Amino acid sequence: MERTASCVCGQLSVTMDGDPAIVNMCHCTDCQRRTGSPFQIGAFFKEEQLKSVEGEYTTYVRTANSGRTIDVNFCPNCGVSVFFRPEARPGIVGVFGGSFADPDFPAPTQTSWTQSKHHWIDLPDVPADKIFEQQSS
């Protein structure tokens with residue numbers, strides 16, 4: 001099954017093959033600010049699952065709370081972030097869950113940075129703060 005994520009204007013899209021290995025719900029303050037939401041959904045795929053990137057994108061390199069960098073790739077027309085590459089996980093492509101715009105997209109399988117979670121959010125019953133402990137196999 002292919003999954004395509006895109007920005008709001010449709011100029012930038014990525015197509016992934018299959019389901020993500022991890023769907024993470026991040027509550028760090030940087031993700032809150034980047035999304036304008038109390039959390040971000042990040043879907044993590046293996047590099048070989050990336051079938052295509054269509055359109056132009058601009059990359060913003062930011063330092064995560066972990067101290068490592070994340071390359072956030074967004075549409076230069078509408079400004080929507082579509083995919084990212086975390087330095088901490090070579091060979092992994094992250095896609096922002098909302099850019100799939102698919103109500104049947106898999107639910108989060110874990111959460112991270114819950115210490116900065118908004119008090120009114122009820123978390124799914126998934127492990128917390130273990131995103132980079134999963135084996136890369």
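Visitor: What do the numbers rest on?
Guide: The model is predicted, so local features need pLDDT of at least 70, side-chain atom pairs count only at pLDDT 80 or more, and totals for chains, interfaces and linings use all residues. Residues are numbered from 1 along each chain as its sequence is written, and side-chain values use heavy atoms, with hydrogens and water left out.

Visitor: OK. Which order do the seven strands take in their open sheet?
Guide: The order is 6-7-8-9-4-3-10, with mixed pairing. Strands are DSSP runs of E, at least two residues, and helices are runs of H or I, at least four residues, numbered from the N terminus. Two strands pair if DSSP finds at least two bridges between them.

Visitor: Which are the edge strands?
Guide: Strand 6 (58–63) and strand 10 (110–112), each of which pairs on one side only. From one strand to the next, the twist averages 30°. Axes here are lines fitted to C-alpha atoms, for helices over the stretch in contact, and angles run from 0 to 180 degrees between N-to-C directions.

Visitor: How many bridges join strand 3 to strand 4?
Guide: Five; strand 3 covers residues 22–26, strand 4 covers residues 40–46, and the two run antiparallel. V23 has A43 as its bridge partner in strand 4, and M25 stands opposite I41.

Visitor: And strand 3 with strand 10, parallel or antiparallel?
Guide: Parallel, over three bridges. C26 stands opposite S112 there.

Visitor: How many residues of strand 3 are buried?
Guide: Five of its five residues. Buried means under 20% relative accessible area, exposed means over 50%, and partly exposed is in between (1.4 Å probe, protein chains only). I22, N24 and C26 are on one side, V23 and M25 on the other, and both faces are covered.

Visitor: How does strand 1 meet strand 2?
Guide: Five bridges join strand 1 to strand 2 (residues 13–17). E2 stands opposite D17, and T4 has T15 as its bridge partner. The hairpin has six residues between these strands, and G10 takes a positive phi near 85° in it.

Visitor: Pockets next. How much space lies in the second largest pocket?
Guide: About 260 Å³. On a 1 Å grid over the protein atoms alone, a pocket is an open set of points with protein on both sides within 12 Å along at least five of seven lines, whereas a cavity is a set where a 1.4 Å probe fits but cannot get out; lining residues have an atom within 4 Å of a point. Points are joined across faces, edges and corners, and the volume is the space filled by probe spheres set on them.

Visitor: How do the lining residues divide by type?
Guide: Six are nonpolar, eight polar and one charged. Ala, Val, Leu, Ile, Met, Phe, Trp, Tyr, Cys and Pro count as nonpolar, Asp, Glu, Lys and Arg as charged, and the others, Gly among them, as polar.

Visitor: Single residues now. Why does S81 count as buried?
Guide: Because its relative accessibility is 13%. S81 is in strand 8 (residues 81–86), and its side chain makes a polar contact with the side chain of R34 at 3.1 Å. A polar contact is a pair of N or O atoms within 3.5 Å; within protein, one must be able to donate a hydrogen and the other to accept it, and residues adjacent in sequence count only if both atoms are side-chain atoms.

Visitor: Where does I70 lie?
Guide: In strand 7 (residues 69–74). I70 counts as buried because its relative accessibility is 14%.
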